[in-house]
Amino acid sequence: MKLLRHAMIGALFAAVSVAPALAADYTIRLSHGDNENNPTHKGAVKFEELAEKYSDGRIDVQIFPNNQLGSEQEVAQALRTGSIEAEILYTGNLVPLAPSVGVMMLPYAFTSNEEAHAAMDALKDPLNARLPKEAGVRILGYFEKGFRVLTNSKREVKTLDDLQGLKIRVSKNNIAIETFKSWGLDPIPMAWAEVFPALQQGVIDGQENPYTTSISSKFYEVQKYITEIHYLIWSGPIIISERFYQGLPADLQEALDRAGEEAAVYEREVSATETEKATKELVKLGMVLSGAPTDEEKWQSAAKALWPSFSEDIGGKEWVDKASGIMEKAIKGGSE
């Protein structure tokens, strides 16, 4: 009998020792469109780690890469209702739902990654005063993956004349579309998931994205030439459903805010390292890097001339003037 009791107690302790940990109070499904080799995913993993740490395990973050939960804009729509909790997406794909973030896409607004970081951080709070009403979301942190570079399969592009006649894919936002039109092209707006097959099949000749994307998406298999046009940095916020966020206790809101900001700093460091690595790797893989266009001032003047026409698409003139002032002050090292 005594042996039986000891056996039962031993079995009970064994069962307890292998029992699963208590479930978290809240689950966040975090969607993004890149694969596991991309800085976006590595930043997402860091956010998961920090959110779970700062919430003492009360929040469980589950990452869904490669658009598993739907396209970037579909998921952003789902965040409005709270049916999905969080997402990392390219700013340009958020603009149709949240026009105010479009100020981050004004062509040639930044000349360096450091300037872009200062602007992103300074605009976070002002944007969060607007985005819940516009799109039912708020920003926890801002990722970046370097300046978007132009790739194509046809020829080196060293001047605007070289660009003419190429079929270039851009994301589905008015700023990118109109910028390429100002350079004499008829750009082709296309969903991200369609880009590689379209390049492979010759439906389009080229696209524009950061160096790291050319590696992670294997564009080097279907593209030959790269031009550093520097017109726009790839920026992508971690956004969270406002409905979900407001349903959290204050201490968990603070935990997510802290996790988002720190994950953004981490992701930017990863991006810088991997951009340098990707640039060298693409050369080894046979791509031809042409550097910046020799007539870059023509590209800049044509694109910057469009700024006033973008105002109504990105929150109105009053907001654009305010946001531009915030960005300029932050870039110069001031505070707003």
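Student: What makes strand S5 and strand S8 partners?

Tutor: Four bridges join S5 (residues 149-152) to S8 (residues 206-209), and the two run antiparallel. Strands pair if DSSP finds at least two bridges between them, so four bridges qualify. Strands themselves are DSSP runs of E with at least two residues, and helices are runs of H or I with at least four, numbered from the N terminus. This is a predicted model, where local features need pLDDT of at least 70, side-chain atom pairs count only at pLDDT 80 or more, and totals for chains, interfaces and linings use all residues. Residues are numbered from 1 along each chain as its sequence is written, and side-chain values use heavy atoms, leaving out hydrogens and water.

Student: Which residue of S8 is the bridge partner of Val-149?

Tutor: That is Asn-209.

Student: Why are S7 and S11 said to stand at the edges?

Tutor: The open sheet has six strands in the order S7-S6-S8-S5-S9-S11, with mixed pairing. Strand S7 (188-189) and strand S11 (288-289) each have a single partner strand, so one side of each is left without a neighbour in the sheet.

Student: Why are H2 and H12 called roughly antiparallel?

Tutor: Helix H2 (residues 39-54) and helix H12 (residues 250-284) pack at about 150 degrees, with axes 8 Å apart. Angles over 145 degrees count as roughly antiparallel (under 35 roughly parallel, 65 to 115 roughly perpendicular, the rest oblique). H2 and H12 are therefore roughly antiparallel to each other.

Definitions and conventions:
Axes fitted to C-alpha atoms, helices over the stretch in contact; angles between N-to-C directions.
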